[in-house]
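Here are my notes on this model, point by point. Have the viewer open while you read.

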Amino acid sequence: MNSIIGYYSTKFGELWEKSLDDLIKEAAVGVLKEVNIEKEQIDAIFLGNMLGGIIEGKLLLEAHLAGLLDIHIPIYRIEAACASGGMAFQMADTYLKSHPNSTVMVLGAEKMTDISAEEVTEALAAAASEDEQMAGLTFPGVYALLAQLYLSKYHYTEEHLASIPVKNHAHALLNDKAHFRRMVTIDNVLESPYVAYPLKVLDSSPISDGAAAVILSNDSHLIKKTKSLQILSSVVATDSIAIAKRKNLNELAATRIAGEKAFREASLQHKDINIMEVHDCFSIAEILALEDLGFWKKGEGGARAQEMITHRESGNNLIVNTSGGLKAAGHPVGGTGIKQIGEIYLQLTQQAGQRQINSCRFGLAHNVGGSGGVAVVSIFGV
């Protein structure tokens with residue numbers, strides 16, 4: 001079976017002194033050192049990146065990486081908006097299924113802070129439909145529409161949404177790689193400026209730089225020498241890029257479909273999952289994710305969020321976003337999906353340090369691109 005045998009992440013944040021190449025090389029070299037293997041033992045590399053061609057004018061990142069590491073193996077660059085990292089991982093897992101006794105690296109990286117917030121927002125909007133772009137509807141605007149519908153239909157308030165960033169900031173305090181390591185309160189969230197009603201600054205993930213990498217292998221001899229985590233399933237599903245063409249704005253159908261298939265392939269039930277990293281680009285997104293993945297009934301997520309039942313100190317069986325999530329750990333879009341998987345790896349192999357959750361056996365990572373145009377759900381077990 002394919003397994004993760006190592007993980008490394010750069011710090012996430014405003015890394016002014018580092019270029020995209022710097023971040024990619026740090027993650028690649030770092031994960032090789034973590035696993036204690038040589039680059040010659042890597043058979044292929046999968047690189048998730050969204051904005052290199054837009055922000056830095058860098059295409060053919062495969063050749064950039066080949067030069068950085070002085071290698072000549074197959075390298076594949078994958079773009080799936082904010083799900084670029086998760087998609088790269090899924091493709092690497094699929095590659096290994098047809099390449100026995102092989103070992104691959106999966107990287108996710110993004111450099112976003114060298115231009116203005118307005119320019120980044122415009123670049124990210126390239127993953128929206130043409131109609132939405134023409135109307136000036138950004139991703140904050142799309143998720144704001146989803147939040148408005150959700151709050152109205154189920155009679156919740158902005159305070160229910162605010163519980164998500166409060167929890168995730170509390171978790172990020174224990175993550176030394178996180179973009180934001182500070183507590184926020186419900187009042188802090190509610191008093192922060194609106195980005196797109198009803199979502200505020202503190203409901204929203206930041207613009208971040210960063211990179212993360214994992215090593216995957218099905219070489220039994222190498223797996224035995226490392227702290228390994230089995231990949232039980234990794235599934236991609238897609239939906240219309242335009243929200244106007246979706247049948248139901250009360251869910252992200254790609255998440256629901258990918259989740260259902262991932263559970264079938266893993267032969268697990270929801271009650272088996274102890275730890276999750278879900279795509280909380282905005283506070284409403286985490287609530288929808290828990291519902292669409294089948295952990296909460298549709299419409300009860302607002303109440304469950306306010307109860308903080310997925311907080312590390314809740315005493316419950318399921319803890320969500322121990323890394324701090326996208327909201328507090330940061331969201332370098334190409335790197336996010338790999339960071340999520342890396343956090344599950346650390347937790348399930350008992351390497352998460354201060355933020356370690358006890359008695360974890362199974363975990364799930366959920367990565368979304370294009371406001372639900374694509375979703376990747378991966379399930380892991382020790």
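1. What share of the contacts in the chain with a separation of 6 or more comes from residues 24 or more positions apart? It's 78%, where contact means heavy atoms within 4.5 Å. Before going on: this is a predicted model, where local features need pLDDT of at least 70, side-chain atom pairs count only at pLDDT 80 or more, and totals for chains, interfaces and linings use all residues. Residues are numbered from 1 along each chain as its sequence is written, and side-chain values use heavy atoms, with hydrogens and water left out.

2. On overall dimensions, a compact globule of 382 residues would have a radius of gyration near 21 Å, and the chain's 19 Å agrees with that. The radius is taken over C-alpha atoms, and the globule rule is 2.2 Å times the number of residues to the power 0.38. The C-alpha atoms fill a box of roughly 55 × 45 × 40 Å along the principal axes. Of the 382 residues, 63% are buried (under 20% relative accessible area, with exposed over 50% and partly exposed in between; 1.4 Å probe, protein chains only).

3. Secondary structure comes to 15 helices and 12 strands; these are DSSP runs numbered from the N terminus, helices being H or I with at least four residues and strands E with at least two. An open, mixed sheet takes in 10 strands, in the order β3-β2-β4-β7-β1-β8-β12-β11-β9-β10. β3 (75–78) and β10 (319–320) each have a single partner strand, so one side of each has no neighbour in the sheet. Two strands count as paired if DSSP finds at least two bridges between them.

4. Now for β1 (residues 3–9). Seven of its seven residues are buried, so the strand is largely enclosed by the rest of the structure. β1 pairs antiparallel with β7 (residues 210–217) over six bridges, and Tyr 8 has Ala 213 as its bridge partner in β7. For a parallel case, look at β2 (residues 44–48) and β3, which share four bridges, with Ile 45 partnered by Ile 75.

5. Next, the two ends of α12. Ser 283 is found in this helix and is buried at a relative accessible area of 1%. Leaving out residues up to four places away in sequence, Ser 283 touches Leu 161, Ile 164, Pro 165, Leu 199 and Asp 203. Leu 293 lies in the loop between α12 (283–292) and α13 (301–307), and is buried too, at 4%. Beyond its neighbours within four places, the contacts of Leu 293 include Phe 263, His 270, Val 278 and Leu 364. Leu 364 is 71 residues from Leu 293 along the chain, with their C-alpha atoms separated by 10 Å.

6. Finally, some backbone geometry to look at. Most residues other than glycine have a negative phi, and most peptide bonds are trans. The bond from Tyr 197 to Pro 198 is cis, with omega near 5 degrees; Pro 198 is in the loop between β5 (194–196) and β6 (199–200). Ala 81 has a positive phi of about 55 degrees. Ala 81 sits in the loop between β3 and α4 (84–97) and is buried at 6% relative accessible area. Met 308, in the loop between α13 and β10, has a positive phi near 55 degrees.
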